[in-house]
Amino acid sequence: MTTVANQPSVKVIGANGQISLGKQYAGRQVLVEEQEPGVWLVRTATVIPDTNAGCTNQNAADLQNALSWAQANSPTDTNVDTLLEKLNGQD
C-alpha cells in the first residue's frame, strides 16, 4: 500500500521502539529530526562518509570555478568548421 504525500497514516511503535515505513524504503538511509516532543520529520537521505567528503568539497570548488569562468567569459559566435579544422590539425 502506497501512502500519498500529505495523507496521514497510523503506525504503531513496537516494543523495540521501531516503526515500519514500508518495503519501498527498505535499506534506505533516513534523517530523523525531532522538531518538538512527539513530532518527527523523517526524510530519505544519501550520507557521504567522511573519507569521501574531500572529493565532494573538491567537486564543489571545481563547479564554482567553472561557473565563475562562464560568467566572466561570454559565449561568442564561432565558425565551427574553422575550429574543427584547427583541432584536427588541418591548418
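Guide: What follows is a set of questions about labels, each answered with a value and a cut-off.

Guide: This is a predicted model, where local features need pLDDT of at least 70, side-chain atom pairs count only at pLDDT 80 or more, and totals for chains, interfaces and linings use all residues. Residues are numbered from 1 along each chain as its sequence is written, and side-chain values use heavy atoms, with hydrogens and water left out.

Visitor: Which helices and strands does the protein have, and in what pattern?

Guide: The protein has two helices and two strands. Along the sequence they read β-β-α-α. Helices are DSSP runs of H or I with at least four residues, strands are runs of E with at least two, and both are numbered from the N terminus. Strand S1 spans 29–36 and strand S2 spans 39–45. Helix H1 covers 50–72, and helix H2 covers residues 80–87.

Visitor: What makes a residue buried or exposed?

Guide: Buried means under 20% relative accessible area, exposed means over 50%, and partly exposed lies in between (1.4 Å probe, protein chains only). Of the 91 residues, 1% count as buried.

Visitor: Why is Lys86 called exposed?

Guide: Lys86 has 54% relative accessibility, so Lys86 counts as exposed. Lys86 sits in helix H2.

Visitor: What makes the pair Arg43 and Glu33 a salt bridge?

Guide: A salt bridge needs a side-chain nitrogen of Lys or Arg within 4 Å of a carboxyl oxygen of Asp or Glu. The side chains of Arg43 and Glu33 meet at 2.3 Å, N to O, so the pair qualifies. Arg43 lies in strand S2 and Glu33 in strand S1, so the pair ties together parts that are ten residues apart in sequence. The structure holds one salt bridge.

Visitor: Why are Arg43 and Glu33 called partly exposed?

Guide: Arg43 has 40% relative accessibility, so Arg43 counts as partly exposed. Glu33 has 30%, so Glu33 counts as partly exposed too.

Visitor: What makes the nonpolar patch a patch?

Guide: Its residues must have over 30% relative accessible area and no salt bridge; nonpolar side chains (Val, Leu, Ile, Met, Phe, Trp, Tyr) are joined within 5 Å, like charges within 9 Å. Ile13, Ile19, Leu21, Tyr25, Val30, Val32, Trp40 and Val42 form this one, with about 730 Å² of accessible area together. Areas come from the Shrake-Rupley method with a 1.4 Å probe; for residues, only the protein chains shown count as cover. S1 and S2 each supply at least two of the patch residues. Trp40 lies in S2.

Visitor: Why is Asn73 called partly exposed?

Guide: Asn73 has 34% relative accessibility, so Asn73 counts as partly exposed. Asn73 lies in the loop between H1 and H2. Its side chain reaches the backbone oxygen of Trp69 at 2.8 Å.

Methods. Polar contact = N/O pair within 3.5 Å; in protein donor to acceptor, adjacent residues only side chain to side chain.
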